[in-house]
Amino acid sequence: MRILLLGKPGSGKGTQSKHIAASRGIPAISTGDLIRQAIRDGTELGVRFKSFTDRGLLVPDDLMIEMVAERLAKPDCKPGFLLDGFPRTVPQAEALDRMLAEKATPLQAAVNLDVPDDILVERATGRRSCPKDGTSYHIKFKPPKTLGVCDACGTALIQRPDDTEDLVKSRLEEYRNKTQPLVAFYQARGILIDLDGVATPEQVERRIESALNNTVRATA
Ligand code: AP5
Ligand code: MG
């Protein structure tokens with residue numbers, strides 16, 4: 001399946017994409033993770049990315065589009081993929097349409113996780129993650145067994161630098177101005193799945209799985 005997850009910062013895209021992609025045997029591709037990896041590697045591109053993410057701003061479209069085109073060309077994307085956090089602007093969505101049209105492999109579903117802003121700030125500011133294996137926790141909703149330490153590998157957990165209250169608000173502003181229009185974009189293409197993202201992660205996952213199964217049945 002070729003799917004993407006839309007949603008505001010902290011709406012649960014990363015949490016859900018890992019499970020959904022694993023259950024379907026396809027790669028979960030997070031542009032946020034690719035950007036953070038480039039920043040950690042200290043590449044020239046990473047330095048440019050950081051100047052935007054440090055301010056809670058989206059990085060320029062041309063850089064993102066090139067990065068995603070390269071990633072989707074890899075062999076593991078042949079059976080399908082799940083995009084988390086791409087596209088984030090109408091030009092990115094149009095570029096993705098063109099990339100997929102070239103291969104006659106159109107997108108099948110755009111899942112939008114709907115969560116009110118006040119909940120998002122709490123989710124994002126309370127998030128902690130493992131720098132070694134990427135496991136994500138929340139100080140209240142998904143605490144690790146031992147405070148501040150990854151359950152799986154024992155590494156000290158870190159907080160993302162853009163998870164401060166001020167930067168979450170800037171990211172929400174970027175979402176409203178640039179990403180929100182994609183809900184109507186995918187609705188007009190008839191592939192939008194709009195879901196309530198306020199529930200436990202397990203309940204949200206069941207909602208997504210059931211909606212995707214219906215989509216597959218409808219298009220079979
Ligand atoms: P990115 O990493 O994509 O960040 P984001 O969209 O701001 O989303 P988050 O990763 O913060 O949240 P999420 O929806 O994945 O939620 P999660 O599952 O972790 O992008 C970062 C930056 O990179 C952007 O600001 C931008 O600068 C740049 N960028 C990325 N893509 C770009 C693009 N295409 N174009 C331009 N720039 C781009 O959950 C959050 C927390 O809540 C966790 O602690 C989790 O445990 C908890 N949680 C999850 N679900 C639930 C639940 N149901 N109940 C309770 N808690 C929950
Ligand atoms: Mg994420």
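Which element gives the largest share of the shell around ligand 1? That would be α2, with four residues.

## Ground rules

This is a predicted model, where local features need pLDDT of at least 70 and side-chain atom pairs count only at pLDDT 80 or more, while totals for chains, interfaces and linings use all residues. Residues are numbered from 1 along each chain as its sequence is written, chains are lettered from A and ligands numbered from 1 in the order in which they are written, and side-chain values use heavy atoms, with hydrogens and water left out.

## Around ligand 1

Let's start with the ligand. It has 33 residues around it, and the closest are T15, L57, R127, R171 and A199; a residue is near a molecule if one of its heavy atoms lies within 4 Å of it. Besides α2 (31–41), both α1 (13–24) and β6 (136–138) supply at least two residues of this shell. Helices here are DSSP runs of H or I with at least four residues, strands are runs of E with at least two, and both are numbered from the N terminus.

Sorted by class, the shell has 11 nonpolar, 13 polar and nine charged residues. Ala, Val, Leu, Ile, Met, Phe, Trp, Tyr, Cys and Pro count as nonpolar, Asp, Glu, Lys and Arg as charged, and the others, Gly among them, as polar.

## Backbone contacts and cover

Oxygen atoms of ligand 1 pair up with the protein backbone in several places. One is 2.8 Å from a polar backbone atom of G10, and one is 3.2 Å from a polar backbone atom of S11. At Y137, a backbone N or O atom lies 2.9 Å from a ligand oxygen. Of the 1,000 Å² of accessible area that ligand 1 has on its own, the protein covers 95% (areas by the Shrake-Rupley method with a 1.4 Å probe).

## A look at R171

R171, one of the residues closest to ligand 1, sits in helix α7 (residues 165–179). Is R171 buried or exposed? It's buried, because its relative accessible area is 11%; buried means under 20%, exposed over 50% and partly exposed in between, with a 1.4 Å probe and protein chains only.

Setting aside neighbours within four places in sequence, R171 is in contact (heavy atoms within 4.5 Å) with P9, G56, R127, R160, D162 and D163.

## Two backbone details

The peptide bond from F86 to P87 is cis, with omega near 0 degrees. P87 belongs to the loop between β3 (81–84) and α5 (90–102).

A104 isn't a glycine, yet its phi is positive, near 55 degrees. With a relative accessible area of 63%, A104 is exposed.

How values were computed
Polar contact = N/O pair within 3.5 Å; in protein donor to acceptor, adjacent residues only side chain to side chain.
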